[in-house]
Amino acid sequence: MHTELELTTAPEVPIEAECLSPAKIKGLSQSGIEHLVMMHGNRKVRVGDFFRVTGNGQSSLRLEGDLSRVKYIGAGMKEGEVRVNGSAGMHLGAGMSGGVIRVSGDASDWVGPEMSGGRIEVMGDAGHMVGSAYRGQRVGIMGGEILIHGNVKNELGSAMRRGLIAVGGQAGDFVGVNMRAGTIVVMGGMGIRAGAGMVRGSIISFEPVELLPTFTYSCWLRPTFLRFYLCHLGQSGFEIDDDHMGGRYRRYCGDSVEENRGEILVFDSR
């Protein structure tokens, strides 16, 4: 059983909808869900003003329609499931510590900020700052996994501390900037300044990368840990080439301004 909300009125400005989370609707009647409060710009509105609600509050939530102007879907969730059959707005899964969010379309900026557990999967593209720290914060996501099947923009995994981020397409500039630990896999290439200021952690690229001069070549290797990650990603619907699974990678250590404890592994196609 699940609760279904269908967007019937397109918002003129973004809606802040922290209430669209399994924990916030669980146990509520249909009327109770309809009366939950959201912010439409600087105005308080009810869920029922924009959504047609079907069913009582369950741990599984289905959202239908173009929700690209609906922010904070699944914010703070600890368990349960959210499925968005469409696109999702900014701050998807902000602060979540458990549960699953699946988006069939695209997602905007700040997917999974301050995330500590759970799983976010976006079948389309995502914006800037996926899995990143908020401005002014020293630490980004602390766990869980974010899977983006399409492309992402700049500052993927900024200040990331733990967890897994995987991108099936291309990533923008500053991948893993100020990264503390964790693993980032980018299958379609990435922009400039990858790993700038990274302290620890692993960034894996299937395509050639223009690295900063503060990264130095260490060796080539066939990383065993990567096979487990790629098997997992293959089971999640990513296309994994056998060459990437068992092939060799060139290892670069950096950033030297942070004692060279991080690594960028670049697939060696030779």
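View 1. Buried here means under 20% relative accessible area, with exposed set at over 50% and partly exposed in between (1.4 Å probe, protein chains only). Helices (H or I, at least four residues) and strands (E, at least two) are DSSP runs, numbered from the N terminus. Please keep in mind that this is a predicted model, in which local features need pLDDT of at least 70 and side-chain atom pairs count only at pLDDT 80 or more, while totals for chains, interfaces and linings use all residues. Residues are numbered from 1 along each chain as its sequence is written, and side-chain values use heavy atoms, with hydrogens and water left out. Strand β1 (residues 3-7) pairs with β6 in the parallel sense over four bridges; two strands pair if DSSP finds at least two bridges between them. Look for L5, whose bridge partner in β6 is L63. Strand β8 (residues 81-85) also pairs with β6 in the parallel sense, over five bridges, and here S60 stands opposite E81 of β8.

**View 2. The core around L20.** The largest nonpolar core has 57 residues, and L20, V47, L92 and L156 touch the most other members. Such a core is a set of buried Ala, Val, Leu, Ile, Met, Phe, Trp, Tyr and Cys residues joined through side-chain atoms within 4.5 Å. Which residues is L20 in contact with, leaving aside its neighbours within four places in sequence? They are L5, V47, F51, L61, L63, V70, I73 and G74, where contact means heavy atoms within 4.5 Å. Apart from this core lies another, of 14 residues, among them L147, V185, I204 and L265.

**View 3. An open sheet of four strands.** The strand order is β4-β3-β2-β7, with mixed pairing. At the edges you will find β4 (43-46) and β7 (70-71), each of which pairs on one side only. Strands β2 (residues 15-16) and β3 (residues 37-40) pair in the antiparallel sense over two bridges, with H40 in β3 as the bridge partner of I15.

**View 4. Aromatic pairs.** A search of the whole structure finds four aromatic pairs. Rings of Phe, Tyr and Trp (its six-membered ring) pair if their centres lie within 6.5 Å; planes under 30 degrees apart count as stacked, over 60 as edge-to-face and the rest as tilted. One of the pairs is W110 with Y134, which is tilted, at 5.1 Å centre to centre and 40 degrees between the planes. This pair links distant parts of the chain: W110 is in the loop between β9 (100-103) and β10 (119-122), and Y134, 24 residues apart from it, is in the loop between β10 and β11 (142-148). W110 is buried, at a relative accessible area of 12%. For F225 and Y229, the ring centres are 5.9 Å apart and the planes at 90 degrees, so this pair is edge-to-face. Both residues lie in helix α3 (residues 224-235), four residues apart, about one turn of the helix. F225 is partly exposed at 31% relative accessible area, and Y229 also counts as partly exposed, at 25%.

View 5. S158 is found in the loop between β11 and β12 (162-167). Is S158 buried or exposed? At 8% relative accessibility, S158 counts as buried. Beyond its neighbours within four places in sequence, S158 is in contact with M129, G131, S132, A133, G140 and V177.
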